[in-house]
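Please open the structure in the viewer and keep a selection panel at hand.

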Amino acid sequence: MRIYQEADYAAMSRRCANLISAEVIRKPDCVLGLATGSTPVGIYHQLAEWNRKGDLSFWDVITVNLDEYRGLAPTHTQSYRDFMQKNLFDHIDIRQENTYVPNGMAQDPEEECSRYDSMLRALGGTDLQLLGLGRNGHIGFNEPGPAFIKETHVVELSQSTIEANARFFESADEVPRQAITMGIGCIMEARRVLVAVSGEDKAEAVYRSFCGPITPEVPGSILQLHGDVVLVGDRAALSRL
Ligand code: GLP
């Protein structure tokens, strides 16, 4: 595993954007696995700036997002599709039809999960998967539990995730209770995994994911078994390593 310790959030974002752009330059039609949350916002803004200046093109890039809330329409301001549009897709030259996010409104969520897995298989998996880390060590929306779940699945969000994400909604009551998330298998099949972390409130999750036992109670700990992980964090997030 490679670790980059950066001074602050801005430097962490720039480092990750650099690693992603290196992948896009190496393979212009690469498949990027993308994440939501507050952590990647700075990364996306940096990539959009390089795109605007003409230094980087996403024309042939395909993106697949990790997860989506169940019950939120793509146009809902807190849906992950809307997040991706506002923070990245609307500002770069990517072709909209090459951007994939699970459909949180699917009538039959199980069918949506297998459709997403088939689509991932058809694309040949992701070249680079960007991940944030939940405060409880979740990746995507793979919450702590008794087992790692391989495939895309419907998940009940944990109380700590609902509370952590309540800041984006009017109140915790409005946070959806379920989500569709890519499974641990799809994440582990990515050729490279890039984990971005920032802030002191992630230090414990970083420590438990990368220094503790590999257990589904800390979903991020599975990354210790991946052969090409790059961890990029600011000093605060890496302070316990
Ligand atoms: C959310 C997302 C994750 C994200 C995590 C951390 O629940 N599903 O993909 O990595 O929480 O979010 P943040 O970056 O805002 O701390």
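Select Asp127 and Arg191: their side chains make a polar contact at 2.9 Å, a polar contact being a pair of N or O atoms within 3.5 Å, where within protein one must be able to donate a hydrogen and the other to accept it, and residues adjacent in sequence count only if both atoms are side-chain atoms. Asp127 is placed in the loop between helix H4 (109-123) and strand E6 (128-131). Helices (H or I, at least four residues) and strands (E, at least two) are DSSP runs, numbered from the N terminus. Is Asp127 buried or exposed? With a relative accessibility of 3%, Asp127 counts as buried; buried means under 20% relative accessible area, exposed over 50%, and partly exposed in between (1.4 Å probe, protein chains only).

The model on display is a predicted one, in which local features need pLDDT of at least 70 and side-chain atom pairs count only at pLDDT 80 or more, while totals for chains, interfaces and linings use all residues. Residues are numbered from 1 along each chain as its sequence is written, and side-chain values use heavy atoms, with hydrogens and water left out.

**The ligand**

Next, select the ligand and display its surroundings. There are 15 residues around the ligand, and the closest are Ser38, Thr39, Asp67, Arg167 and Lys202; a residue is near a molecule if one of its heavy atoms lies within 4 Å of it. By class, this shell comprises three nonpolar, eight polar and four charged residues. Here Ala, Val, Leu, Ile, Met, Phe, Trp, Tyr, Cys and Pro count as nonpolar, Asp, Glu, Lys and Arg as charged, and the others, Gly among them, as polar.

The protein covers 98% of the 400 Å² of accessible area that the ligand has on its own, with areas from the Shrake-Rupley method and a 1.4 Å probe.

**Helix H3**

Move to Asp82, which lies in helix H3 (residues 80-87). The side chain of Asp82 makes a polar contact with that of Lys86 at 2.4 Å. Asp82 is buried, at a relative accessible area of 11%.

**Pairs separated in sequence**

Select Leu133, in the loop between E6 and strand E7 (153-156). Leu133 counts as buried, at 4% relative accessibility. Which distance separates the C-alpha atoms of Leu133 and Gly220? These atoms are separated by 7.2 Å, although the residues are 87 apart along the chain.

Proceed to Arg192 in strand E9 (residues 192-197). Arg192 counts as partly exposed, with 22% relative accessibility.

Then select Val206, which is in helix H7 (residues 203-211). Val206 counts as buried, at 0% relative accessibility. Between Val206 and Ser239 there are 9.1 Å in space, C-alpha to C-alpha, and the two are 33 residues apart in sequence.

The last stop is Met105, in the loop between strand E5 (99-100) and H4. Met105 counts as partly exposed, at 43% relative accessibility. Select Glu200 as well: the C-alpha atoms of Met105 and Glu200 are separated by 35 Å, and the residues are 95 apart along the chain.
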